[in-house]
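Student: Hi! Could you walk me through this one? I'd like to start with charged side chains.

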Amino acid sequence: MEQWITHFMEQHGYLGIGLLILLENIFPPIPSEIILTFGGFMTTKSDLGFIGVTITSTLGSVIGAIVLYGIGAWIGERNLYRFVNRYGKFLRVKIKDIDRTINWFEKYGYWTIFFCRFVPLLRSLISIPAGLTRMNIPLFILFTTLGTLIWNIVL
């Protein structure tokens with residue numbers, strides 16, 4: 001998978017990085033660590049710049065988070081558990097991952113969105129309970145963007 005990811009990024013540049021990060025948000029088994037570290041490497045060996053990679057990866061991540069927010073708002077909690085019971089093994093998501101994410105969200109509110117952007121797997125999943133609870137979308141986007149921007153710059 002790593003070779004395919006790096007080849008895709010080499011072929012499509014900024015757009016490829018944004019698309020891969022968007023997909024990584026929606027399908028957590030795709031590792032953002034590989035995408036972002038290779039994107040950083042490409043800033044030294046290609047025409048891609050640090051600012052461009054940072055902007056496109058952040059934009060892709062925020063769009064992916066908004067998609068998951070929408071899925072959470074649309075699907076509802078009961079249907080989410082049914083879906084994970086049925087298909088979670090394919091997405092490498094377990095019921096306990098959903099429970100943990102929802103508990104964090106209920107305990108810490110908006111700050112959960114920001115801090116979970118630094119935790120693999122939870123980075124994506126936290127958008128779903130935000131949608132389930134219909135969190136204020138501008139605040140969701142703000143906290144998502146800030147957390148994601150820091151994560152992307154560090155990697």
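Student: What do the side chains of Asp97 and Arg100 meet in?
Tutor: In this predicted model, they meet in a salt bridge, with N to O at 3.1 Å. A salt bridge here is a side-chain nitrogen of Lys or Arg within 4 Å of a carboxyl oxygen of Asp or Glu. Side chains of opposite charge can pair when their charged atoms come close.

Student: Which helix do Asp97 and Arg100 lie in?
Tutor: Both are in helix 5 (residues 95-108), three residues apart, which is about one turn of the helix. Helices are DSSP runs of H or I with at least four residues, strands are E runs of at least two, and both are numbered from the N terminus.

Student: Is Asp97 buried or exposed?
Tutor: Asp97 is buried, because its relative accessible area is 6%. Arg100 is at 43% relative accessibility, so it counts as partly exposed. Buried means under 20% relative accessible area, exposed over 50%, and partly exposed in between, using a 1.4 Å probe and protein chains only.

Student: How many salt bridges are there in the whole structure?
Tutor: A search finds two. Glu24 also forms one with Arg123, where the closest N and O atoms are 3.8 Å apart. This pair links distant parts of the chain: Glu24 is in helix 1 (residues 2-26) and Arg123 is in helix 7 (residues 122-125), 99 residues apart.

Student: Why does Glu24 count as buried?
Tutor: Because its relative accessibility is 5%. Arg123 counts as buried too, because its value is 3%.

Student: New topic! Which residues make the nonpolar surface patch?
Tutor: Phe50, Ile51, Ile55, Leu149 and Ile153 make it, and the patch is about 470 Å². Patch residues have over 30% relative accessible area and no salt bridge; like charges are joined within 9 Å, and nonpolar side chains (Val, Leu, Ile, Met, Phe, Trp, Tyr) within 5 Å. Accessible areas come from the Shrake-Rupley method with a 1.4 Å probe, and for residues only the protein chains shown count as cover.

Student: Which helix gives the most to the nonpolar patch?
Tutor: Helix 3, with three residues. Helix 3 (50-75) and helix 9 each supply at least two. Ile153, for one, lies in helix 9.

Student: What is the mean pLDDT of the chain?
Tutor: The mean is 85, and 96% of the residues reach 70 or more. pLDDT is the predictor's confidence in each residue, from 0 to 100.

Key: Residues are numbered from 1 along each chain as its sequence is written. This is a predicted model: local features need pLDDT of at least 70, side-chain atom pairs count only at pLDDT 80 or more; totals for chains, interfaces and linings use all residues. Side-chain values use heavy atoms; hydrogens and water are left out.
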